[in-house]
Amino acid sequence: MLPSYFTPSSGKSAFFAGLTTFSMPPRVLHIVESLDRGAVENWLVRIYCHAGDCAVPLDWTFYCELSAEGVLDDKVTRQGAKIVRSPVGVGRAFMFIRTLRKEIRNGGYDVIHCHEDIVSALYLVSSIGLGKIQRIVHVHNADEGLRSTHRAKAFLLRGLFRQICLFLADKIVGISNHTLDTFLNGRKRRPGRDIVHYYGIDPGPFLNCQAEPVKFRKELGLAEDSLIVLFAGRLVPEKNPQFVLDVLSEIRQLEPRVVGVFAGSGSEENRLKCYAAELGLDDAVRFLGWRNDVPEIMRCSDLFILPRPEQPLEGFGIAVVEAQLAGLRLLLSKGIPDDPLLPGNCSQRLSLAEPAEKWAQAACSLLDAEPPGPDEVAKILAESPMDMDRALANLRAFHS
């Protein structure tokens with residue numbers, strides 16, 4: 001049985017016909033932290049480039065809170081987008097609001113689309129009194145974090161910022177049901193104004209990549225018959241990578257061919273390397289750092305693991321969808337919501353209250369199972385709101 005968000009596809013031509021009828025696309029200001037490695041920015045750039053490939057007209061400007069250049073800047077400027085960098089960060093709230101307000105006033109924007117979750121309140125305040133502008137707050141995670149180390153101050157600001165967003169925004173958009181409802185904090189959804197919008201995922205990189213499992217293992221100094229358990233993402237506490245090493249240690253007692261591969265980097269990297277040594281896993285773990293060939297790495301792996309803490313739930317696991325597109329088995333914590341799990345997936349979700357031994361047993365059980373192939377998963381994805389054409393059409397409709 002398909003999840004409730006799956007609907008029959010109306011075909012690519014129908015999406016394009018609806019999108020290309022705009023002779024003058026609205027001027028949209030997307031406000032982000034920076035066009036760097038973040039999931040939010042990667043999704044926006046992917047959608048923007050997809051629109052260009054499909055000859056769908058967009059008039060987007062990216063307003064970056066950080067002044068440093070991002071790794072994705074060239075991609076959007078080559079497609080015709082404009083990038084504006086704030087000369088001050090949100091820590092200097094008054095000056096930040098003043099400079100953003102000037103850009104909104106002078107830019108003649110029809111829409112300001114805010115992507116900093118609860119901090120979007122500052123962006124909305126910047127637009128007060130500047131005429132008929134559609135204001136959208138896009139909520140990308142349920143953490144509701146504020147950049148303040150003072151707990152009492154953060155608590156008070158969180159409540160204030162939420163109320164500003166709920167009052168001033170014309171639309172509140174969440175990337176999953178859980179994310180949206182967490183942000184609304186008990187308020188009932190307003191039809192047509194409080195909306196779930198799933199990220200558009202491009203299956204192409206996973207279907208078209210040239211995966212060479214034997215060569216990949218040789219490059220890492222691994223045996224050809226090694227079974228790779230992959231962790232792909234930031235090596236930070238909120239992803240819980242240390243528990244992966246605990247699980248790996250237990251798996252190897254059941255299946256010695258299993259090795260762990262970490263594709264990503266972060267604040268925990270050095271500590272993880274030390275912990276792997278303590279567990280005697282030096283020869284069974286590889287740390288790859290940030291890689292640009294993640295689809296190929298996934299296609300060469302056997303199992304994807306993500307033991308994220310269960311509170312708060314992850315907003316939406318793009319990597320979970322990508323792992324399915326790569327044909328991977330999934331071993332997940334209950335900190336991962338149901339939304340990114342496609343029908344027919346090969347997965348298990350366990351509580352972090354369960355010991356590493358039980359996770360290891362689940363991993364071995366999954367390794368014995370046959371997951372759906374990438375082509376099969378791509379067909380399922382095409383019927384979901386995560387289809388690139390459907391996601392672009394829906395996003396474009398928000399701005400009309």
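One cavity of 30 Å³ or more is found in this structure, which is a predicted model in which local features need pLDDT of at least 70, side-chain atom pairs count only at pLDDT 80 or more, and totals for chains, interfaces and linings use all residues. Residues are numbered from 1 along each chain as its sequence is written, and side-chain values use heavy atoms, leaving out hydrogens and water.

**The cavity**
- The largest cavity has a volume of about 30 Å³; on a 1 Å grid over the protein atoms alone, a cavity is a set of points where a 1.4 Å probe fits but cannot get out.
- Volume here is the space filled by probe spheres set on the points, which are joined across faces, edges and corners.
- Its lining (residues with an atom within 4 Å of a point) consists of Gln324, Gly327, Leu328, Asn345, Cys346, Pro371, Pro372 and Val377.
- Five lining residues are nonpolar, three polar and none charged.

- Helices α13 (residues 318–325) and α15 (residues 374–382) pack at about 130°, with axes 8 Å apart.
- Val321, Gln324 and Leu325 of α13 meet Pro374, Val377, Ala378 and Leu381 of α15, where contact means heavy atoms within 4.5 Å.

**The whole chain**
- The chain has 16 helices and 13 strands, taken as DSSP runs (H or I, at least four residues; E, at least two).
- Its C-alpha atoms fill a box of roughly 65 × 50 × 40 Å along the principal axes.

Methods:
Axes fitted to C-alpha atoms, helices over the stretch in contact; angles between N-to-C directions. 1 Å grid on protein atoms, 1.4 Å probe; cavity = no way out; pocket = protein on both sides within 12 Å on 5 of 7 lines; lining within 4 Å. Nonpolar A, V, L, I, M, F, W, Y, C, P; charged D, E, K, R; others polar.
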